[in-house]
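Trainee: I have a model open and would like to understand the terms used to describe it. Could you go through them with me?

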Amino acid sequence: MSGLFISFEGIDGVGKSTQADLLESWLTEQGKTVVRTLEPGGTEVGVEIRKILLHHKGDLAPRAEAALFAADRAHHVASKIRPALERGEIVITDRYFDSSVAYQGAGRDLSQEEVRNLSLWAVGGLLPKLTVLLDLPADVARNRRNQTGTEPDRLEKEKIEFFEKARSAYLELAKAEPERFLVIDASTDIETMQTQIRKAVSELL
Ligand code: TYD
C-alpha cells in the first residue's frame, strides 16, 4: 500500500482533534490528499454503532463493548481506510486500534492481549505507520474535557481510575513500539505540539 496511515491517540480531553485538524490543514496546503476520519463512527454503519457505544442507557457487557468497537473498526478499515491507502492517500484517524487496548483492555480489565488480537483480526493486521500519543495526567485531561461544557457520554462518565489505567496502558504501548509511537506532552502549547508532529510526519513523506 502506497499511502500513509497516521492515528491520534490519548485519553479524553488531551486535544487530539485540534492537533489532527492542524496536521490535516498543513498537509492539504502542500497539495496532499488527506482522508480525515475517526473512531467510533467513521462510516455510516459506524455512526449506528457509535450511538450504542456512547449513548446506550442500560448495561453493556465489557466483551460486547469490545466487540462493537472491533466491528466499527473492521468496517472502517475495509470500506474507508484501506481503499484510501491503496489510492496513495494520507489517512488521519482520531483514534484506532490502541484505543481499544487502552480503554477496553486496561480500563475494563479485559486481557489487553485478547483485545489486541480481536482488533488485529478485525483490521486484517493493518497498523498505522505513525501513532501520535498525546499524554496528560487523567485529572488534568478530565478538567479540560469538562471545560468544553458538553454533556459527558457513556464512557466519559467513567471514574478517574478508568482513565488512569487507560493512560498507563497507552504509555506502555508506546514503550513497546517506539518506532511507531510519537509521545507528546500535551501540557505544552498547541504550536509546540504541532511542530513536533509535523517534524515526525515530514520524515515519512
Ligand atoms: P471520541 O470520539 O474521542 O469522543 P468525543 O467525540 O467525545 O471526543 O471517542 C469516544 C469514546 O470512545 C472515548 O471515550 C474513547 C472511547 N473508545 C473506546 O473505549 N475504545 C475504542 O476502541 C475507541 C475507538 C474509542
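Trainee: Which handedness does the crossing of α6 and α7 have?

Mentor: The crossing of α6 and α7 is right-handed. A crossing is called left-handed if the near helix is turned anticlockwise from the far one by less than a right angle, and right-handed if clockwise. Before we go on, this is a predicted model, where local features need pLDDT of at least 70, side-chain atom pairs count only at pLDDT 80 or more, and totals for chains, interfaces and linings use all residues. Residues are numbered from 1 along each chain as its sequence is written, and side-chain values use heavy atoms, with hydrogens and water left out.

Trainee: Why are α6 and α7 called oblique to each other?

Mentor: Their axes come within 9 Å and cross at roughly 120°. Axes are lines fitted to C-alpha atoms, for helices over the stretch in contact, and angles run from 0 to 180 degrees between N-to-C directions. Angles under 35 degrees count as roughly parallel, over 145 as roughly antiparallel, 65 to 115 as roughly perpendicular and the rest as oblique. α6 and α7 are therefore oblique.

Trainee: Which residues make that contact between α6 and α7?

Mentor: Ala138, Asp139 and Arg142 of α6 and Ile160, Phe163 and Glu164 of α7 make the contact, where contact means heavy atoms within 4.5 Å. The helices themselves are DSSP runs (H or I, at least four residues), as are strands (E, at least two), numbered from the N terminus.

Trainee: What makes α3 roughly parallel to α5?

Mentor: The axes of α3 and α5 come within 8 Å and cross at roughly 25°, so α3 is roughly parallel to α5. Among the residues in contact are Arg63 and Ala66 of α3 and Leu118 of α5.

Trainee: And what makes α3 roughly antiparallel to α4?

Mentor: There the axes come within 10 Å and cross at roughly 175°, which makes α3 roughly antiparallel to α4. Glu65, Ala66, Phe69 and Arg73 in α3 meet Phe97, Ser100 and Gln104 in α4.

Trainee: How do you know what counts as a cavity and what counts as a pocket?

Mentor: On a 1 Å grid over the protein atoms alone, a cavity is a set of points where a 1.4 Å probe fits but cannot get out, while a pocket is an open set with protein on both sides within 12 Å along at least five of seven lines. Lining residues have an atom within 4 Å of a point. Grid points are joined across faces, edges and corners, and a volume is the space filled by probe spheres set on the points.

Trainee: What volumes do the largest pocket and the largest cavity have?

Mentor: The largest pocket has about 810 Å³. Of the 36 residues that line the largest pocket, the closest to its centre are Asp12, Gly13, Lys16, Arg95 and Glu156. The largest cavity has about 30 Å³, and its lining includes Gly10, Leu133 and Tyr170. Both β4 and α7 give two or more residues to that cavity lining.

Trainee: Is the peptide bond from Glu39 to Pro40 cis or trans?

Mentor: That bond is cis, with omega near -10°, and Pro40 is found in the loop between β2 and α2.
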